[in-house]
Amino acid sequence: MRRYAYLTLAAASTMLAVLATAGPAAAAGNVLTYNSATGPSVAVGQTLTANLKSGTTANLYNSTTGSTGVKCSQSTFAATVTSNPTAPGTATENVGTQTVSSCTSNVVGVVGVRSITVNNLPFNASVTSGKVLTITGGAAGPIQTTAVLSTLLGTITCVYQANGNRLVGTANNTDKSINLTNQPFTKVSGPGTCFSTGYFTVTYAPVSGPGGAVFVN
């Protein structure tokens, strides 16, 4: 019995020595970090921005597989981080700015695009550790876009709202992008030249903030 007692004490001493030298366990990172998955946390209140991914356009087409509609070679967004919990989790943001410009149209009868305006900002946004991005309308109203087009018969205005008042996309750490593909919008006002349903596609990259490129964990 005495021998077993000595062995037990020796094992306990060894375990205590290991714990003493190992130190505290490494803390889990946050959902949003800078420059790598193990980089500094993105602080609440910081603003993240991005332009269109190089070589891409922002498109509002009349079908998911077609190419008739409006495409724009410039677009930007800016979102302020409102929460960034430990991963896995869901970070939230307030999208205060989204611009779309340098647009052309191939809709029959349309000879130019005077402006594209994103209405009712700010929007609410969330991104999960699973890299699912969700954008919903805020207190100002539903997610809405207004297109002012020049036609052979004069200027027309087409107003579209996001179906279900939300957009769903993905985040990608490879190019630090956020992607929205074929998000459906329905025309709420405008003449027949404005197609009744529009599908919005855009990729912003790289998403970055004061500390560098943003990773989603």
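Predicted model: local features only at pLDDT ≥ 70, side-chain atom pairs only at ≥ 80, totals over all residues.
Let's start inside. In soluble globular proteins, nonpolar side chains tend to be buried together. Here the largest nonpolar core has 49 residues, and those with the most contacts inside it are Leu 32, Leu 48, Ile 116, Ile 135 and Leu 149. Strand β4 (residues 69-83) supplies the largest share of this core, 5 residues.

Leu 48 is worth a look in your viewer. Leaving out residues up to four places away in sequence, Leu 48 touches, among others, Leu 32, Tyr 34, Val 42, Phe 77, Val 81, Val 207 and Val 214. Glu 93 and Ser 208 also belong to the list of residues that Leu 48 touches.

## Aromatic pairs

The model holds 3 aromatic pairs. In one of them, the ring centres of Phe 77 and Tyr 204 are 5.1 Å apart with planes at 65°, so the pair is edge-to-face. Phe 77 sits in strand β4 and Tyr 204 in strand β13 (residues 197-204), so that the pair links parts of the chain 127 residues apart. Both residues, Phe 77 and Tyr 204, are buried.

Tyr 160 and Phe 195 have ring centres 5.7 Å apart and planes at 35°, so this pair is tilted. Tyr 160 belongs to strand β10 (residues 154-162), while Phe 195 lies in the loop between β12 (177-189) and β13, 35 residues apart. Tyr 160 and Phe 195 are buried.

## Thr 151

Thr 151 lies in strand β9 (residues 144-151) and counts as buried because its relative accessibility is 13%, under the 20% cut-off. Its side chain reaches the backbone oxygen of Gly 154 at 2.6 Å. Beyond neighbours within four places in sequence, Thr 151 is in contact with Gly 109, Val 110, Val 111 and Ile 156.

Definitions and conventions: Residues numbered from 1 in each chain as written. Heavy atoms only, no water. Helix = DSSP H or I, 4+ residues; strand = E, 2+ residues; numbered from the N terminus. Buried < 20%, exposed > 50% of the residue type's maximum accessible area, 1.4 Å probe, protein only. Polar contact = N/O pair within 3.5 Å; in protein donor to acceptor, adjacent residues only side chain to side chain. Contact = heavy atoms within 4.5 Å. Core = buried A, V, L, I, M, F, W, Y, C linked by side-chain atoms within 4.5 Å. Phe/Tyr/Trp six-rings, centres within 6.5 Å; stacked < 30°, edge-to-face > 60°.
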